[in-house]
Amino acid sequence: AQGSLEESVRWFSKCIYLIDSKRVEGVSAELHSILHSNRAFTYVKRKEWRNAEKDCSRALAINTRNMKAQYRRAIANFELGETKAALRDVDTVIEHLADPSMNPEATDLKRRIVEQLEKEVVKDEPPGPAASQASQQSAPSRPSRQAPEPRQQEQSASSRQAPDPPPPPSRSPPQPDIYPDL
């Protein structure tokens with residue numbers, strides 16, 4: 001199967017070269033955009049995310065209405081860790097659907113992107129009171145100028161420890177049929 005993907009990239013590249021070098025004329029912008037989008041799809045299947053993103057961007061520069069290129073760029077950006085760009089792209093795709101339930105792959109991708117963004121927000125939040133307490137406990141002891149707090153308040157503060165942050169997201173490759181051809 002890998003050989004056929006390599007062959008697909010080669011043929012799409014030849015077609016794109018012929019158009020870009022003006023050796024072939026009269027090719028519509030729509031078809032030119034589709035060629036980039038289809039080559040991007042082979043890159044997605046090969047997990048060559050940067051190449052897929054570049055081809056989708058070229059396809060969209062030629063034809064901004066190419067929603068397959070928009071969707072595929074969302075996939076590539078998501079896999080590259082560019083979650084905000086991926087969310088913009090998938091939102092554009094969903095906005096162009098008459099009924100979002102017609103494209104469950106796009107809505108599922110959006111759900112995964114939003115989950116990832118939420119994890120990134122939690123990771124980027126400053127440490128809570130429990131973390132600052134722990135850092136104070138490990139710091140060298142200095143005499144305190146404040147009056148000690150009542151024991152009851154100390155116990156309630158220790159029982160309100162922030163939960164451990166979730167583990168960093170794994171960037172394992174997607175399952176083969178997670179990105180169907182749209």
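Helices here are DSSP runs of at least four residues, numbered from the N terminus. The protein has eight helices and zero strands. The model is a predicted one.

Start with the whole chain. The protein has 182 residues, and buried residues make up 29% of them. Its accessible surface comes to about 12400 Å². Carbon and sulfur atoms account for 52% of that surface. Now take the contacts between residues at least 6 apart in sequence. Of these, 59% join residues at least 24 apart.

Next, the interior. Nonpolar side chains tend to be buried together in soluble globular proteins. In this model the largest nonpolar core has 20 residues. Within this core, Y71, I75, V90, A106, L109 and I113 touch the most other members. Five helices each supply at least two residues to this core: helix 2, helix 3, helix 4 (67-79), helix 5 and helix 6 (104-124). Helix 4 gives the largest share, six residues. There is also a second, separate core of five residues. Its members include A40, C56, A59 and A69.

Helix 3 comes next. It has 14 residues. From its first C-alpha to its last it reaches 20 Å, close to the 20 Å expected at 1.5 Å a residue. Its buried residues are W49, A52, E53, D55, C56, A59 and L60. An α-helix has 3.6 residues a turn, so residues three or four places apart point the same way. Look for that spacing in the buried set, which includes W49, A52, C56 and A59. What covers the buried residues of helix 3? The cover includes helix 2 and helix 4. C56 and A59 also belong to the second core.

F78 counts as buried because its relative accessibility is 7%, and the cut-off for buried is under 20%. F78 and W49 are 29 residues apart in sequence. In space they are 9.0 Å apart, C-alpha to C-alpha.

Helix 5 spans residues 83-95 and has 13 residues. Its reach from first C-alpha to last is 18 Å, close to the 18 Å expected at 1.5 Å a residue. Which of its residues are buried? They are T83, A85, A86, L87, D89, V90, V93 and I94. V90 is also one of the residues that touch the most other members of the largest core.

Now turn to the loops and the surface. K22 lies in the loop between helix 1 and helix 2. K22 has a positive phi of about 65°, although it is not a glycine. Is K22 buried or exposed? K22 is exposed, because its relative accessible area is 61% and exposed means over 50%. V24 is found in the loop between helix 1 (2-20) and helix 2 (29-45). V24 is partly exposed, with a relative accessible area of 33%. Together, Y17, L18 and V24 make a nonpolar surface patch of about 240 Å².

The loop between helix 2 and helix 3 (49-62) holds K47. K47 is not a glycine, yet its phi is positive, at about 65°. K47 counts as partly exposed, at 37% relative accessibility.

Notes. Residues numbered from 1 in each chain as written. Predicted model: local features only at pLDDT ≥ 70, side-chain atom pairs only at ≥ 80, totals over all residues. Heavy atoms only, no water. Expected span 1.5 Å × (residues − 1). Buried < 20%, exposed > 50% of the residue type's maximum accessible area, 1.4 Å probe, protein only. Patch = residues over 30% accessible without salt bridge, like charges linked within 9 Å, V, L, I, M, F, W, Y side chains within 5 Å. Areas by Shrake-Rupley, 256 points an atom, 1.4 Å probe, with all protein chains shown as cover. Salt bridge = Lys/Arg side-chain N within 4 Å of Asp/Glu carboxyl O. Contact = heavy atoms within 4.5 Å. Core = buried A, V, L, I, M, F, W, Y, C linked by side-chain atoms within 4.5 Å.
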